[in-house]
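Let's take a look around this chain together. Have the sequence and the 3D view open as you read.

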Amino acid sequence: MLQSPRSRALALVCVFALLVGLFVLSGTADPDPENHAYPDGDDLAADYDAYVGDRADVSGPVVSTDPVTIETGPPGETITLEVEGVEEPVEEGQRLRAFGVVEPGGAFDAEETLVRDPWEITYMYVVSLLAGLWVLSRLLRGWRIDRAVLGLEPRDEPRPVRTLPRGERDG
């Protein structure tokens, strides 16, 4: 394994560079249905006619219910799609995600749909933030950084919650 601090630092830099590289590569990928990368609302807003007859994965807020119409695409360049095949009841303001075939004239033939209320996304972010803070607090209380080997080491006893950073205690 990686025993020296230098090799660990190099491994961290390589993993971070790989993570950033994959993030950038993912952002530049074009839709490719053969690789299960379907066009989305942004792609349809940019060139709708290029995707007529293709499968797509779109999502957006419901702006009308009769017929079900969603607004999708990047901010400032949104388009509206009449989504056919929605079997769940929907209300204006809910978010609809649909997978199906792009039809001519702004229509979308949905094969699968998912309806979400707006509060569900907020709930997801709040719960994720709380879970992340809980994990971070467990990490800070139960582990410390061993600078000699550039690694994490478990504490003998968990750090109390109200412990001040060393600089504030000494000063």
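Is threonine 69 buried or exposed? Threonine 69 is buried, because its relative accessibility is 11% (buried means under 20% relative accessible area, exposed over 50%, partly exposed in between, with a 1.4 Å probe and protein chains only). Before going on: this is a predicted model, where local features need pLDDT of at least 70, side-chain atom pairs count only at pLDDT 80 or more, and totals for chains, interfaces and linings use all residues. Residues are numbered from 1 along each chain as its sequence is written, and side-chain values use heavy atoms, with hydrogens and water left out.

| Residue | Element | Relative accessibility |
|---|---|---|
| Threonine 69 | strand S2 | 11% |
| Valine 101 | strand S4 | 18% |
| Leucine 130 | helix H3 | 53% |

Helices (H or I, at least four residues) and strands (E, at least two) are DSSP runs, numbered from the N terminus.

What does threonine 69 touch? Leaving aside neighbours within four places in sequence, its contacts (heavy atoms within 4.5 Å) include Pro61, Val63 and Leu81. Valine 101 is buried too, and, with the neighbours within four places in sequence left out, valine 101 is in contact with residues including Gly53, Arg55 and Phe108. From valine 101 to phenylalanine 23, 78 residues apart along the chain, the C-alpha atoms are separated by 28 Å.
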